Amino acid sequence: MSIESPADSNHRHVALRVGFAGSGRPVFETLPARAVGPDSYELMGSPGMVEGCAAGDLLKIDADGRFQIERRGPNLCVQAFGGTPFTAESLESLISAFAPLGGLVEAPADRRFIVVTVAAAAGFPAVEAVMETWAAGVDTPLEWGFSNVFGPDGEPLNWWQESGV
């Protein structure tokens, strides 16, 4: 699924399926993307709810919002969810903490989740240290994790090793 931007025919938004609501209806997350071929898109932003991909990945997207990775990009996607919305201060703190790693920290206006895009070349220890230090200072219970590092079976995908990162 894609929606074309009138300013540039290659820039679109794609709807990736997150899962299903209690009613059985599909739930989608809309992300910026660049069309690169029929039903193929390069993600221009990392998802906050969809798992398995990050900005820079090349995806083949079905009409129902399911996708397959055609080529991995260079980025890790870290998602954080809190028991309550994150404060503006906690978001700013994470933005500052990721600046030395070149990470991009984003959240919707209501700050119900946070998503971080950071190059895998920054290294897992550095990313984990930033997240653990930040999480320890946040006043709400939270969970965070890498959304494009592990497969459905919980085993590492190791795409970063294959790409020479």
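Here are a few notes on the fold, core and surface of this predicted model.

1. Starting with the overall layout, the protein chain has ten strands and three helices. Going along the sequence, you get β-β-β-β-β-β-β-α-β-β-α-β-α.

2. On overall dimensions, the radius of gyration is 16 Å, which agrees with the value near 15 Å that a compact globule of 165 residues would have. Along the principal axes, the C-alpha atoms fill a box of roughly 45 × 40 × 35 Å. If you look at contacts with a separation of 6 or more, 45% of them link residues 24 or more positions apart.

3. Now the largest nonpolar core: it has 23 residues, and the members touching the most others are Leu76, Leu94, Phe98, Ile114, Val116 and Trp134. Two or more residues each come from β7 (75-82), α1 (88-98), β9 (113-119), α2 (124-136) and α3 (159-162). The largest share is from α2, with six residues.

4. Beyond its neighbours within four places in sequence, Leu76 is in contact with Ala54, Val116, Thr117, Val118, Ala120, Phe124, Val127, Phe146, Asn148, Val149 and Trp159. Another core of eleven residues lies apart from the largest one, and its members include Val14, Leu43, Val50 and Leu59.

5. As for burial and surface, 39% of the 165 residues count as buried. The chain exposes about 8700 Å², with 53% of that supplied by carbon and sulfur atoms.

6. Last, the charges: there are 10 positive and 21 negative ones, and their mean positions are 9 Å apart.

Notes. Residues are numbered from 1 along each chain as its sequence is written. This is a predicted model: local features need pLDDT of at least 70, side-chain atom pairs count only at pLDDT 80 or more; totals for chains, interfaces and linings use all residues. Side-chain values use heavy atoms; hydrogens and water are left out. A nonpolar core is a set of buried Ala, Val, Leu, Ile, Met, Phe, Trp, Tyr and Cys residues joined through side-chain atoms within 4.5 Å. Buried means under 20% relative accessible area, exposed over 50%, partly exposed in between (1.4 Å probe, protein chains only). Helices (H or I, at least four residues) and strands (E, at least two) are DSSP runs, numbered from the N terminus. Contact means heavy atoms within 4.5 Å. The radius of gyration is taken over C-alpha atoms; the globule rule is 2.2 Å times the number of residues to the power 0.38. Accessible areas come from the Shrake-Rupley method with a 1.4 Å probe; for residues, only the protein chains shown count as cover. Lys and Arg count as positive and Asp and Glu as negative; His and the chain ends are not counted. The place of a charge is taken as NZ of Lys, CZ of Arg, CG of Asp or CD of Glu.
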